[in-house]
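Visitor: Could you walk me through the charged pairs in this protein? I'm new to this, so please take it slowly.
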Amino acid sequence: MSWLQALVLGLVQGLTEFLPISSSAHVRIVSTLFFGNDAGASFTAVIQLGTEVAVLIYFAKDIGNFIAAWFRGLFSKAARATDDYRMAWYVIIGSVPISVLGYLFKDEIRSSFRNLWITATVLVLFGLLLGVADHFAQHLRSRLKLTDAVGMGLAQALALIPGVSRSGGTLTAGLFLGLDRAAAARYSFLLALPAVFGAGIFSIPDVLDRGGEPNAASVPQMIVATVIAFGVGYATIAWLLRYVSKHSYSAFVWYRLMLGIVLMGLLSMGLINAT
């Protein structure tokens, strides 16, 4: 992997992780279209650690409250009645589907799921679903329920397929369940933490074991790409939370549709390799 590719992919990861447009799809597309190769699922998983550190820092106070409330709730009935205690459990429960399916389909995630025809198709399909949810669903609630955690957790598991989008899937489910845009976005950020950290940490040995692959990233490249993803991702969180409090997701819906259609065109004309 060249230094330019590592820098660009770190930037792409930071810009797209929290937007409902699929960061893994963008890393996959940009790597193939502009550099002629796939950076790989392991490299993508590791640089996502940078964006999740951004979530940890941005929501540090809230996350600290959730963890403290969860431990207090083990011994205190009063603590178990708090919103912070419930939110801690909602993050745990919502993380179960992607953890189980990620383990069961780990080989497919690294191979067949990365086919760009699949990426293009789900970009369009889930873009349409997001548009329907954003336009027709009632965005009335800001307080989560157990059903929200389960539904959004199942939706997050679909993001194992590049193009679905972790944030896009969870946001779509949250909007269909009746949450307002800001509440759905906030839980989406928090829900990603266990899954992304788990995937990233377990993928580090694969990245370090270059295995003779000509496009494997060096350790310095991986570190720099992750740091860039962190810095850009932190700014993106703040921007997106302000944006969704005043705007719909229609711009992201149209972007997904156009990107998916353009990608299908490039694949059909043989200008880009699907695998």
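Predicted model: local features only at pLDDT ≥ 70, side-chain atom pairs only at ≥ 80, totals over all residues.

Visitor: Which residue does Arg28 pair with?
Guide: Arg28 forms a salt bridge with Asp38, and their closest N and O atoms are 3.5 Å apart. Asp38 sits in the loop between helix 2 (23-35) and helix 3 (41-58) while Arg28 belongs to helix 2, so the pair ties together parts that are 10 residues apart in sequence.

Visitor: And is Arg28 buried or exposed?
Guide: Arg28 counts as buried, at 1% relative accessibility, whereas Asp38 is partly exposed, with a relative accessible area of 26%.

Visitor: What about Arg114, which residue does its side chain meet?
Guide: The side chain of Arg114 meets that of Asp38 in a salt bridge, at 2.8 Å from N to O. Because Arg114 lies in the loop between helix 6 (106-110) and helix 7 (116-136), and Asp38 in the loop between helix 2 and helix 3, this pair ties together parts that are 76 residues apart in sequence. Arg114 is buried, with a relative accessible area of 6%.

Visitor: Changing topic, where are Asp83 and Arg143?
Guide: Asp83 and Arg143 form a salt bridge, with the closest N and O atoms 2.8 Å apart. Asp83 is in helix 5 (residues 83-104) and Arg143 in the loop between helix 7 and helix 8 (146-157), so that the pair links distant parts of the chain, 60 residues apart. Asp83 is partly exposed, its relative accessible area being 44%.

Notes
Residues numbered from 1 in each chain as written. Heavy atoms only, no water. Salt bridge = Lys/Arg side-chain N within 4 Å of Asp/Glu carboxyl O. Helix = DSSP H or I, 4+ residues; strand = E, 2+ residues; numbered from the N terminus. Buried < 20%, exposed > 50% of the residue type's maximum accessible area, 1.4 Å probe, protein only.
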